Amino acid sequence: MSKEIKSIGVLTSGGDAPGMNAAIRAVVRAANYYNLRVFGIYEGYQGLIENRILELNARSVKNILNRGGTVLKSSRSEEFKTKEGRKKAYQHLVDRGIDALVLIGGNGTFTGGMYFSQEFDIPVMGLPGTIDNDLAGTDFTIGYDTACNVVIDCVDKIRDTAESHNRLFFVEVMGRDSGFIALRTGLASGALDVVLPEEDQPMEDLYQELEKGANNNKMNRIIIVSEGNKLGDTWTVAQKVRERYPQWDSKITILGHLQRGGSPSCLDRVLASQLGVAAVEALREGRQGEMIGMVNHKLLFTPFDKAIESKSKIDMELNRILKILST
Ligand code: F6P
């Protein structure tokens, strides 16, 4: 039988994502509801190694549900990748009497969490918090919906000027190794084509789509380029197109970290709230070493090693639909 949990630590790690604060609030308030002590670990795993830990209560998380970023701050810790670093981190948990951990982050966070929970006697639960949506075991990660809404808002604005000048725009979106943001926002913003890391798409395919658009008198063309695509960075892709079609006026917009900021959408707030409560309840029930996601509106527990294998999840059917509709 697993040890009774009396005290929980919560941290955010990796790239921040809108809705992380809603998840922190849910963990803190659910812990409070079940009369557990709860500690905020500041600056992710690095903060745990450096003992930046403060006890929180229900009032510590007031007015954060609607705020982007993470009040606990975040980091990408190199030291936590070492056994020595993880040992220091564990010792701080023992010293504070923290019995269990909730990790909010993406695949780097869960890789670290997996090693940590295997090496030390500490139950760990993960909440998917990343704009990239590149985790298996959840339809949406916390932050993905908000990031997509930011992108379509920006592309709608770009479309106004593209239309006025008959210009071709290459819009680069985030997704280190994954095209979830590119594919979804490409469809939602009426892009002519998307360039994704998941595809071995030759430049010829892109040329074909561009010519098809031009032949249909479509002059305000938008191409969404995912940062991790295989054709090269957005400047290289745009340069190749310029060399081939010097008659077309083209511009590049890199949306960058704009996509990680802003107030979380309703979907992200609700998802974060549901998953945060579920994490505390799961730990109390003795679960550990899993990420909690939502699939078809139902909670799903996925072991960390399976959650970080995401590639199969991208829905290429959306790409087929995009191509039918972009004519
Ligand atoms: O993992 C989220 C993400 O925003 C990726 O889409 C992007 O490639 C990366 O983080 C950027 O990380 P950083 O802000 O550390 O440069």
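Predicted model: local features only at pLDDT ≥ 70, side-chain atom pairs only at ≥ 80, totals over all residues.
Student: Okay, and where does D177 lie?
Tutor: D177 lies in the loop between β6 and α6.

Student: How far is D177 from N296?
Tutor: In sequence they are 119 residues apart, and in space their C-alpha atoms are 25 Å apart. N296 belongs to another loop, the one between β10 (290–295) and β11 (298–303).

Student: What about the phi of N296?
Tutor: That phi is positive, near 50°, in a residue other than glycine. As background, most residues other than glycine have a negative phi.

Student: Nice. Is N296 buried or exposed?
Tutor: N296 is exposed, and its relative accessible area is 59%. You can compare it with N63, which is not a glycine and has a positive phi of about 55°. N63 is exposed too, with a relative accessible area of 61%.

Student: Which loop holds N63?
Tutor: Look between β3 (53–56) and α3 (83–96) for N63.

Student: Which of the α7 residues are buried?
Tutor: They are M203, L206, Y207, E209, L210, G213 and A214. Down the axis of α7, these buried residues fall within an arc of 165°, so they line one face of the helix.

Student: And what is exposed on the other side of α7?
Tutor: There you find Q208 and N215, which are exposed.

Student: What covers the buried residues of α7?
Tutor: The cover includes strands β6 (168–173), β7 (193–195) and β8 (221–226), along with helices α8 (234–244) and α11 (317–325). Just after α7 comes N217, which takes a positive phi of about 60°.

Student: Can we do α6 as well? Which residues are buried there?
Tutor: Helix α6 spans residues 180–188, and its buried residues are F180, I181, A182, L183, T185 and G186. They pack against α5 (144–165), β6, β7, β8 and α11.

Student: What follows α6?
Tutor: G190 does, and its phi is positive, near 70°.

Student: What does N229 touch?
Tutor: Leaving out residues up to four places away in sequence, N229 touches V195, L196 and P197.

Student: Last topic: how much space lies in the largest pocket?
Tutor: About 570 Å³. Its lining has 31 residues, and the closest to the centre of the pocket are G14, R76, G108, T109 and R176.

Student: Which helix gives the most to that lining?
Tutor: Helix α4 (residues 107–119) does, with six residues.

Student: And how does the lining of the largest pocket split by class?
Tutor: It has five nonpolar, 15 polar and eleven charged residues.

Definitions and conventions:
Residues numbered from 1 in each chain as written. Heavy atoms only, no water. Buried < 20%, exposed > 50% of the residue type's maximum accessible area, 1.4 Å probe, protein only. Helix = DSSP H or I, 4+ residues; strand = E, 2+ residues; numbered from the N terminus. Arc of directions from axis to C-beta. Contact = heavy atoms within 4.5 Å. 1 Å grid on protein atoms, 1.4 Å probe; cavity = no way out; pocket = protein on both sides within 12 Å on 5 of 7 lines; lining within 4 Å. Points joined across faces, edges and corners; volume = space filled by probe spheres on them. Nonpolar A, V, L, I, M, F, W, Y, C, P; charged D, E, K, R; others polar.
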